[in-house]
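Thanks for coming. Please have the model open as we go.

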Amino acid sequence: MDIEQKQAEFIDYFVKQAENQKGSSLVNVIVEATSHPSLFAFSEILSVPSIIQLQGTEFSVYIDVLRLFAHGTWSDYKSNAGSLPPLVPSQVRKLKQLSLLTLAEVDKVLPYDLLMVELDVSNVRELEDFLINECMYSGIVRGKLDQLRRCFEVQFAAGRDLRPGQLGSMIQTLSAWLSTSDNLLVSIQDKIKWADTRSELDKKHQKEIEDRVEEVKKTLNLKADPEFRGHEEICYAEPGGVMDYEEDRSRPKRRRPPVS
(Lines give C-alpha, C1' and ligand atoms only; values in the text may rest on other atoms or scores of the structure.)
Protein backbone atom coordinates (compact mmCIF):
# COMPACT_ATOMS: atom_id res chain seq x y z
CA MET A 1 0.00 0.00 0.00
CA ASP A 2 1.53 3.34 -1.04
CA ILE A 3 1.83 6.37 1.23
CA GLU A 4 -0.96 8.31 -0.53
CA GLN A 5 -3.50 5.54 0.08
CA LYS A 6 -2.44 5.25 3.71
CA GLN A 7 -2.83 9.00 4.13
CA ALA A 8 -6.36 8.91 2.74
CA GLU A 9 -7.38 6.19 5.17
CA PHE A 10 -5.91 7.91 8.23
CA ILE A 11 -7.32 11.30 7.24
CA ASP A 12 -10.77 9.80 6.84
CA TYR A 13 -10.49 8.16 10.26
CA PHE A 14 -9.49 11.33 12.11
CA VAL A 15 -12.01 13.50 10.25
CA LYS A 16 -14.79 11.18 11.42
CA GLN A 17 -13.38 11.22 14.96
CA ALA A 18 -13.34 15.03 14.98
CA GLU A 19 -16.87 15.28 13.61
CA ASN A 20 -18.20 13.25 16.53
CA GLN A 21 -16.39 15.15 19.31
CA LYS A 22 -16.68 18.55 20.95
CA GLY A 23 -14.68 20.77 23.29
CA SER A 24 -12.00 19.05 25.33
CA SER A 25 -12.59 15.73 23.57
CA LEU A 26 -11.31 17.33 20.38
CA VAL A 27 -8.00 18.07 22.10
CA ASN A 28 -7.37 14.35 22.42
CA VAL A 29 -8.21 13.85 18.74
CA ILE A 30 -5.77 16.61 17.73
CA VAL A 31 -2.96 15.25 19.92
CA GLU A 32 -3.55 11.74 18.60
CA ALA A 33 -3.58 12.91 14.98
CA THR A 34 -0.41 14.99 15.33
CA SER A 35 1.32 12.08 17.08
CA HIS A 36 0.29 9.37 14.61
CA PRO A 37 3.41 7.88 12.97
CA SER A 38 1.83 7.57 9.51
CA LEU A 39 -0.24 10.75 9.19
CA PHE A 40 1.39 13.74 7.46
CA ALA A 41 -1.59 15.79 6.18
CA PHE A 42 -3.89 17.86 8.39
CA SER A 43 -5.81 20.35 6.22
CA GLU A 44 -8.92 18.17 6.08
CA ILE A 45 -8.98 17.89 9.86
CA LEU A 46 -8.57 21.67 10.15
CA SER A 47 -11.65 22.17 7.99
CA VAL A 48 -13.96 20.05 10.17
CA PRO A 49 -16.69 22.37 11.59
CA SER A 50 -16.25 21.16 15.17
CA ILE A 51 -12.52 21.98 14.97
CA ILE A 52 -13.26 25.45 13.60
CA GLN A 53 -15.67 26.02 16.50
CA LEU A 54 -12.76 25.76 18.94
CA GLN A 55 -11.69 29.22 17.80
CA GLY A 56 -12.25 31.72 20.61
CA THR A 57 -12.50 29.03 23.28
CA GLU A 58 -9.98 27.94 25.89
CA PHE A 59 -8.93 25.18 23.48
CA SER A 60 -8.26 27.46 20.51
CA VAL A 61 -4.51 27.02 20.97
CA TYR A 62 -4.91 23.49 19.63
CA ILE A 63 -6.09 24.90 16.34
CA ASP A 64 -2.70 26.62 16.22
CA VAL A 65 -1.08 23.24 16.89
CA LEU A 66 -2.94 21.74 13.94
CA ARG A 67 -1.90 24.67 11.72
CA LEU A 68 1.69 24.18 12.85
CA PHE A 69 1.63 20.54 11.78
CA ALA A 70 -0.14 21.39 8.54
CA HIS A 71 2.21 24.16 7.41
CA GLY A 72 4.93 24.84 9.98
CA THR A 73 8.33 23.48 10.98
CA TRP A 74 10.29 22.64 14.10
CA SER A 75 11.95 26.06 13.90
CA ASP A 76 8.50 27.69 13.86
CA TYR A 77 7.57 25.80 17.01
CA LYS A 78 10.74 26.85 18.82
CA SER A 79 10.06 30.46 17.88
CA ASN A 80 6.50 30.28 19.28
CA ALA A 81 6.91 27.68 22.02
CA GLY A 82 5.76 30.16 24.66
CA SER A 83 2.30 30.46 23.11
CA LEU A 84 1.83 26.78 22.27
CA PRO A 85 1.31 23.73 24.48
CA PRO A 86 4.35 21.48 25.02
CA LEU A 87 4.74 18.65 22.52
CA VAL A 88 5.08 15.00 23.43
CA PRO A 89 8.09 13.09 21.94
CA SER A 90 6.01 11.57 19.14
CA GLN A 91 4.83 15.05 18.13
CA VAL A 92 8.40 16.35 18.18
CA ARG A 93 9.51 13.52 15.90
CA LYS A 94 6.56 14.13 13.57
CA LEU A 95 7.21 17.87 13.33
CA LYS A 96 10.87 17.25 12.50
CA GLN A 97 9.83 14.82 9.77
CA LEU A 98 7.50 17.46 8.35
CA SER A 99 10.32 20.02 8.55
CA LEU A 100 12.46 17.78 6.36
CA LEU A 101 9.66 17.62 3.78
CA THR A 102 9.49 21.42 3.74
CA LEU A 103 13.25 21.66 3.17
CA ALA A 104 13.00 19.09 0.36
CA GLU A 105 10.44 21.29 -1.42
CA VAL A 106 13.09 24.00 -1.80
CA ASP A 107 16.24 22.01 -2.57
CA LYS A 108 17.01 18.42 -3.48
CA VAL A 109 20.54 18.54 -2.05
CA LEU A 110 20.39 19.30 1.67
CA PRO A 111 23.69 19.96 3.49
CA TYR A 112 24.17 18.19 6.80
CA ASP A 113 24.97 21.49 8.51
CA LEU A 114 21.61 22.93 7.46
CA LEU A 115 19.72 19.81 8.53
CA MET A 116 21.39 19.69 11.94
CA VAL A 117 20.31 23.28 12.60
CA GLU A 118 16.75 22.94 11.28
CA LEU A 119 16.13 19.59 12.96
CA ASP A 120 17.95 20.52 16.16
CA VAL A 121 20.37 17.57 15.90
CA SER A 122 23.78 17.71 17.57
CA ASN A 123 25.92 15.39 15.41
CA VAL A 124 26.10 13.62 12.06
CA ARG A 125 25.46 10.14 13.47
CA GLU A 126 22.22 11.28 15.10
CA LEU A 127 21.19 13.06 11.90
CA GLU A 128 21.81 10.04 9.68
CA ASP A 129 19.96 7.76 12.10
CA PHE A 130 16.98 10.12 11.98
CA LEU A 131 17.03 10.32 8.17
CA ILE A 132 17.22 6.55 7.79
CA ASN A 133 15.04 5.27 10.63
CA GLU A 134 12.42 7.99 10.89
CA CYS A 135 12.19 9.29 7.33
CA MET A 136 13.32 6.80 4.69
CA TYR A 137 11.96 3.71 6.45
CA SER A 138 8.60 5.45 6.90
CA GLY A 139 8.45 6.12 3.15
CA ILE A 140 8.09 9.90 3.29
CA VAL A 141 11.45 10.44 1.56
CA ARG A 142 13.90 8.52 -0.57
CA GLY A 143 17.44 9.61 -1.13
CA LYS A 144 21.15 9.08 -0.70
CA LEU A 145 23.36 9.94 2.25
CA ASP A 146 26.60 11.38 0.91
CA GLN A 147 29.04 11.30 3.81
CA LEU A 148 31.92 12.59 1.69
CA ARG A 149 30.05 15.74 0.65
CA ARG A 150 28.11 15.84 3.94
CA CYS A 151 24.70 16.15 2.35
CA PHE A 152 21.43 14.32 1.80
CA GLU A 153 20.42 13.96 -1.87
CA VAL A 154 16.62 13.83 -2.07
CA GLN A 155 15.16 11.61 -4.79
CA PHE A 156 11.56 11.71 -3.57
CA ALA A 157 9.68 13.57 -0.85
CA ALA A 158 6.01 13.36 0.07
CA GLY A 159 4.03 16.56 -0.32
CA ARG A 160 2.72 18.61 2.58
CA ASP A 161 -0.55 20.51 2.96
CA LEU A 162 -0.78 23.61 0.80
CA ARG A 163 -0.10 26.78 2.74
CA PRO A 164 -2.54 29.71 2.54
CA GLY A 165 -1.93 31.54 -0.74
CA GLN A 166 0.17 28.70 -2.14
CA LEU A 167 -2.64 27.40 -4.35
CA GLY A 168 -2.58 30.48 -6.60
CA SER A 169 1.17 30.21 -7.03
CA MET A 170 0.86 26.52 -7.82
CA ILE A 171 -1.83 27.22 -10.43
CA GLN A 172 0.45 29.78 -12.09
CA THR A 173 3.33 27.31 -12.09
CA LEU A 174 1.17 24.56 -13.58
CA SER A 175 -0.24 26.96 -16.19
CA ALA A 176 3.27 27.96 -17.23
CA TRP A 177 4.26 24.30 -17.38
CA LEU A 178 1.19 23.51 -19.50
CA SER A 179 2.01 26.33 -21.92
CA THR A 180 5.60 25.12 -22.23
CA SER A 181 4.37 21.57 -22.79
CA ASP A 182 1.99 22.72 -25.54
CA ASN A 183 4.80 24.57 -27.31
CA LEU A 184 7.06 21.57 -26.98
CA LEU A 185 4.33 19.31 -28.36
CA VAL A 186 3.89 21.55 -31.42
CA SER A 187 7.64 21.52 -31.98
CA ILE A 188 7.76 17.73 -31.71
CA GLN A 189 4.85 17.36 -34.15
CA ASP A 190 6.60 19.65 -36.66
CA LYS A 191 9.75 17.57 -36.39
CA ILE A 192 7.74 14.38 -36.87
CA LYS A 193 6.16 15.82 -40.03
CA TRP A 194 9.60 16.85 -41.31
CA ALA A 195 10.96 13.39 -40.55
CA ASP A 196 8.02 11.72 -42.33
CA THR A 197 8.51 13.93 -45.40
CA ARG A 198 12.23 13.24 -45.39
CA SER A 199 11.57 9.53 -45.05
CA GLU A 200 9.24 9.54 -48.06
CA LEU A 201 11.82 11.39 -50.15
CA ASP A 202 14.51 8.93 -49.09
CA LYS A 203 12.26 5.99 -50.00
CA LYS A 204 11.54 7.53 -53.40
CA HIS A 205 15.23 8.13 -54.03
CA GLN A 206 16.06 4.60 -52.93
CA LYS A 207 13.42 3.22 -55.31
CA GLU A 208 14.89 5.20 -58.19
CA ILE A 209 18.35 3.84 -57.44
CA GLU A 210 17.05 0.28 -57.22
CA ASP A 211 15.23 0.67 -60.56
CA ARG A 212 18.38 1.96 -62.23
CA VAL A 213 20.40 -0.89 -60.77
CA GLU A 214 17.89 -3.38 -62.15
CA GLU A 215 18.09 -1.78 -65.59
CA VAL A 216 21.89 -2.01 -65.56
CA LYS A 217 21.70 -5.65 -64.44
CA LYS A 218 19.31 -6.50 -67.28
CA THR A 219 21.59 -4.80 -69.80
CA LEU A 220 24.65 -6.66 -68.52
CA ASN A 221 22.82 -9.99 -68.52
CA LEU A 222 21.64 -9.41 -72.08
CA LYS A 223 25.15 -8.68 -73.29
CA ALA A 224 26.42 -11.80 -71.58
CA ASP A 225 23.87 -13.98 -73.48
CA PRO A 226 25.71 -16.02 -76.30
CA GLU A 227 22.82 -15.61 -78.75
CA PHE A 228 22.92 -11.86 -78.24
CA ARG A 229 26.70 -11.84 -78.77
CA GLY A 230 26.44 -13.92 -81.99
CA HIS A 231 23.76 -11.67 -83.31
CA GLU A 232 25.87 -8.67 -82.45
CA GLU A 233 28.90 -10.08 -84.34
CA ILE A 234 26.80 -10.69 -87.44
CA CYS A 235 25.34 -7.23 -87.30
CA TYR A 236 28.70 -5.59 -86.97
CA ALA A 237 30.66 -7.74 -89.57
CA GLU A 238 32.03 -5.94 -92.67
CA PRO A 239 29.81 -6.13 -95.81
CA GLY A 240 30.94 -8.87 -98.15
CA GLY A 241 33.24 -10.35 -95.62
CA VAL A 242 31.67 -13.80 -95.85
CA MET A 243 31.53 -13.79 -99.66
CA ASP A 244 35.17 -12.85 -99.92
CA TYR A 245 36.03 -15.75 -97.70
CA GLU A 246 34.04 -18.16 -99.87
CA GLU A 247 35.56 -16.77 -103.05
CA ASP A 248 39.03 -17.26 -101.67
CA ARG A 249 38.25 -20.90 -100.99
CA SER A 250 37.09 -21.53 -104.60
CA ARG A 251 40.20 -20.11 -106.24
CA PRO A 252 43.01 -22.54 -107.05
CA LYS A 253 45.98 -22.07 -104.86
CA ARG A 254 49.27 -21.20 -106.52
CA ARG A 255 52.28 -23.21 -105.71
CA ARG A 256 55.63 -21.65 -105.31
CA PRO A 257 58.34 -22.85 -107.72
CA PRO A 258 60.96 -25.04 -106.16
CA VAL A 259 63.99 -23.26 -105.00
CA SER A 260 67.12 -24.41 -106.82
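Lysine 94 lies over the face of phenylalanine 40, at 4.9 Å from the ring centre. The rule for a charge over a ring: NZ of Lys or CZ of Arg within 6 Å of the ring centre and within 35 degrees of the ring normal. Lysine 96 has its charged end over the ring of tryptophan 74, 5.2 Å from the centre.

A word on the source. This is a predicted model, where local features need pLDDT of at least 70, side-chain atom pairs count only at pLDDT 80 or more, and totals for chains, interfaces and linings use all residues. Residues are numbered from 1 along each chain as its sequence is written, and side-chain values use heavy atoms, with hydrogens and water left out.

Now the aromatic pairs. How many does a search of the whole structure find? Three. Rings of Phe, Tyr and Trp (its six-membered ring) pair if their centres lie within 6.5 Å; planes under 30 degrees apart are stacked, over 60 edge-to-face, the rest tilted.

One of the pairs is phenylalanine 42 with phenylalanine 69. It is edge-to-face, 5.9 Å centre to centre, with 70° between the planes. This pair links distant parts of the chain, 27 residues apart. Phenylalanine 42 is in the loop between α2 (24-35) and α3 (43-46), and phenylalanine 69 is in helix α5 (residues 61-71). Helices here are DSSP runs (H or I, at least four residues), as are strands (E, at least two), numbered from the N terminus.

Buried means under 20% relative accessible area, exposed over 50%, partly exposed in between (1.4 Å probe, protein chains only).

Next, tryptophan 74 and tyrosine 77. They are stacked, 5.5 Å centre to centre, with 25° between the planes. Why are they about one helical turn apart? Because they sit three residues apart in helix α6 (residues 74-79). Tryptophan 74 is buried at 9%, and tyrosine 77 is buried at 9%.

Last, histidine 36. It lies in the loop between α2 and α3 and is buried, at 18%. Leaving out residues up to four places away in sequence, histidine 36 touches Phe10, Phe14 and Lys94; contact means heavy atoms within 4.5 Å. Its C-alpha is 7.6 Å from that of serine 90, 54 residues apart along the chain.
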